[in-house]
Amino acid sequence: MRKLPKSWPADQATTSKAAIAHESAQKQVTGEAVYVDDIPEWPNQLHVATGQSTIAHGNILRIDLSAVRSAPGVVDVIVQQDIPGDPDISPVFTGDLLLAGEQVNYIGQPIFAVAATSFRAAQQAVALAEIELEPLQPRLTAEDALAHEDFVLATHSIAMGDVGAALANAPNRLQKSMLIRGQEHFYLEGQISLAVPQEDGGMHVFSSSQHPSEVQKLVAHVLGVPLNLVTAEVRRMGGGFGGKESQSAALACMAAVFAARNQRPVKYRMPRKDDMVQTGKRHDFWNQYDVGFSEDGRILGARMILAGKCGCTADLSDGIVDRAMFHADNAYSLNAAEITGYRCRTNTVSNTAFRGFGGPKSMVTTEATIETIAHRLGLDALDVRKRNLYCAEQDETPYGQKVEQHVLPELIEQLESQSDYRARRQAVKQFNESSRWQKKGLALTPVKFGISFTSKHLNQAGALVHIFLDGSVMVNHGGTEMGQGLFTKVAQIVARGLGISVSRIRPSATRTDKVPNTAPTAASAGTDMNGMAALDAVNKIKSALFEFASEHYRVPVADISLKDDCLWLKDRTIPFEELVKIAYMNRIPLWSSGFYKTPKIGYDRSTGKGRPFYYFSNGAAVSEVVVDMLTGEYKVIRVDILHDVGHSLNPAIDIGQIEGGFIQGMGWLTTEELLWDEHGRIISNSPANYKIPTAHDVPEIFNVALYDRPNTEETVYHSKAVGEPPLMLAISVWCALLDACASVSEYAFTPDLNAPATPEQVLNAIQAAQAYNAEQSANTEESC
């Protein structure tokens, strides 16, 4: 009996489409899984640390590194002028410098770097530098940047209908603004890279990166060598969440510069505190809405301003703000709309991609608006949501894309029934009427999230599939594994396509010398694109095998199939291993490359119209909370989720992604308060003062179900993306907290509630509602 690899437990050996475990699960649990920091060190390996700016904005007047150079263990020290190639490592635009030149633009910006014989020696040496800086006036908030019209990129707008008339003629009008703070990625594995010099001036870089092709490109640029001399490799990451899409390249570039200068392996592992100071976060957004609506709560028109706090350079902010604009409608027809996105420059670290890529920041404000409309009209917020959902009669988004799959009306009805929403709403009302010191809140919110990169050229993927003579298979593609199960799903896709056991499949590390010019693993499109590319390779191999088998066995192609680890003919079966050997002896190719490009998509920025997304992923969540009136502390007591993943490729992985995404989103909207002081120094810079969710925060009742409806688009086996959309289901928790606070005034007043809704913010909202009650009571007494 053939021994199965450890990565695939025996009871999963013949399963090619099922809820099987993650391909690295056993290795991760036992500690066998190899991450960059687990790679054995070379005897002559060096370690990197950087000296950083202590002010948010200023000129560099003098740098004295003599004490640094003479420190114990120091082998090399560099400043910007020592970089052999281009010091600009921007992912798209310009301005992201590996080391600062004449000016610094945020606290923590690297000014110089040290390579030493140990991590500790490098860290101790950087503290010996003497740097004189001339402070300049920093800009620290999106509001300040808006007031001074200081932007990293041009402002963009999308519009539909006559917004001015819609607002002017609306019987009701709501104007509000809201600050939604950012979020620290807090991946389990921090930022890290290892660079190893190769012959001919080449460089092999092991990186914890979502974008190996960008690592390859930027390393080549800083070294001043062609791309074919650089190989970037990623086997797995201990989490990414967008924080390793562009930000990981700096570590790879720094390690590579030192490795090239010293012809020694170099590791750059960022301590957690440096990571939290030096790498970008989810953007803060300052949003302003002006909404007109009817007496029954239908939105008639909306004007929206979305101002993203980008930091000192553009990084990926153009696409992030665009996606915030594209998701400002969430699941609702706005009828007439004008949405403007500002890319605000601030003297803080450049913010970057985070799960949802801008979408969550506008969606939470839209849902807050729906809650406020419902309170003002004395309606249940769920009824207002249902009246405004996209439908066949109202299916055009503000950017001109039609909503073709009307999933949400039925999905919401199903969740409403399964979660017993109406009875629970009555129970919450009765509880709040009888309880003085505690209040409950309940909210059901939907998610409609577009799937595709909004930059069209990124929507492409490649893959390699190799069948070896023993019938085992190796798969390589451009996607990266960060714990989300991409390698597992692609292995299942290949197994299903070849009709063989998934235990035969081995995924290999993502490498730029195998599949070149790849897109980042982001935008929830990893399985869609890499799975289809792998399936394309499989279909090419199958075509050659079927053509050969038809001729060899004298059977029509129509009577041939691959399933259950055998080639099935009309009158007999051939074991897969036997087929492979016979095909090889007859010189039939047993490997192929595959390619995929997402169809139908395209967006014209000049008109603000197009189809940026191939399809929409949908879902809805009901959350119930209980709030302490005296402290603002709260508990999420129950969550019910129904999420649309099309035909699930792996229900276990999909449900795990939904649960994890929801809890991460709940953390962003409740406990993860990302703060800077008045000088631009980040305050929340360690686990001690930045509170991510723990097991204690997971609701005791947590029901997650998959909505059983295939994707009508031609995705891989009619599945849908699952990575990012679940995070936005957590908006239901924030809305439930707002619901509880508004119940203090019996919904006559909707207090402002910032995001994240920390206990302090919730208490402020409760006190605002109580002040409203007192004011109304005083006015009543005065009138009497």
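User: At what angle do helix α10 and helix α18 pack, and how far apart are their axes?

Analyst: In this predicted model, helix α10, which spans residues 359-377, packs against helix α18, residues 731-742, at an angle of about 30°, and their axes lie 10 Å apart.

User: Why is α10 called roughly parallel to α18?

Analyst: Angles under 35 degrees count as roughly parallel, and the angle between α10 and α18 is about 30°, so α10 is described as roughly parallel to α18. The crossing of these two helices is right-handed.

User: Which residues make the contact between α10 and α18, and how do they divide by class?

Analyst: From α10 the contact takes Met363, Val364, Glu367, Ala368, Glu371 and His375, while α18 contributes Ile731, Trp734, Cys735, Leu738, Asp739 and Ala742. By class, the contact of α10 with α18 has eight nonpolar, one polar and three charged residues.

User: How do α10 and helix α11 cross, and which residues are in contact?

Analyst: The axes of α10 and α11, the latter covering residues 381-388, come within 8 Å and cross at roughly 115°, and this crossing is right-handed. On the α10 side the contact is made by Glu367, Ile370, Glu371, Ile373 and Ala374, and on the α11 side by Ala381, Val384, Arg385 and Asn388. Glu367 and Glu371 of α10 are listed in this contact and also in the contact with α18. Five nonpolar, one polar and three charged residues make up the contact of α10 with α11.

User: What makes the lining of the second largest pocket, and which helix supplies the largest share?

Analyst: The second largest pocket holds about 840 Å³ of space and is lined by 38 residues, with Val92, Leu316, Ser455, His457 and Leu458 lying nearest its centre. Helix α9 gives the largest share of this lining, five residues, and α6, α9 and β25 each supply at least two. By class, the lining has 15 nonpolar, 12 polar and 11 charged residues.

User: What makes a space in this model a cavity, and which residues line the largest one?

Analyst: A cavity is a set of points where a 1.4 Å probe fits but cannot get out, and by this rule there are seven cavities of 30 Å³ or more. The largest cavity has about 70 Å³ of space, and its lining consists of Gln401, Lys402, Glu404, Gln405, Arg611, Tyr614, Tyr615, Phe616, Asn618 and Glu713. Strand β27, residues 615-628, gives the most to that lining, with three residues, and the lining as a whole divides into three nonpolar, three polar and four charged residues.

Technical notes. Residues numbered from 1 in each chain as written. Predicted model: local features only at pLDDT ≥ 70, side-chain atom pairs only at ≥ 80, totals over all residues. Heavy atoms only, no water. Axes fitted to C-alpha atoms, helices over the stretch in contact; angles between N-to-C directions. Helix = DSSP H or I, 4+ residues; strand = E, 2+ residues; numbered from the N terminus. Parallel < 35°, antiparallel > 145°, perpendicular 65-115°, else oblique. Left-handed = near helix turned anticlockwise from the far one by under 90°. Contact = heavy atoms within 4.5 Å. Nonpolar A, V, L, I, M, F, W, Y, C, P; charged D, E, K, R; others polar. 1 Å grid on protein atoms, 1.4 Å probe; cavity = no way out; pocket = protein on both sides within 12 Å on 5 of 7 lines; lining within 4 Å. Points joined across faces, edges and corners; volume = space filled by probe spheres on them.
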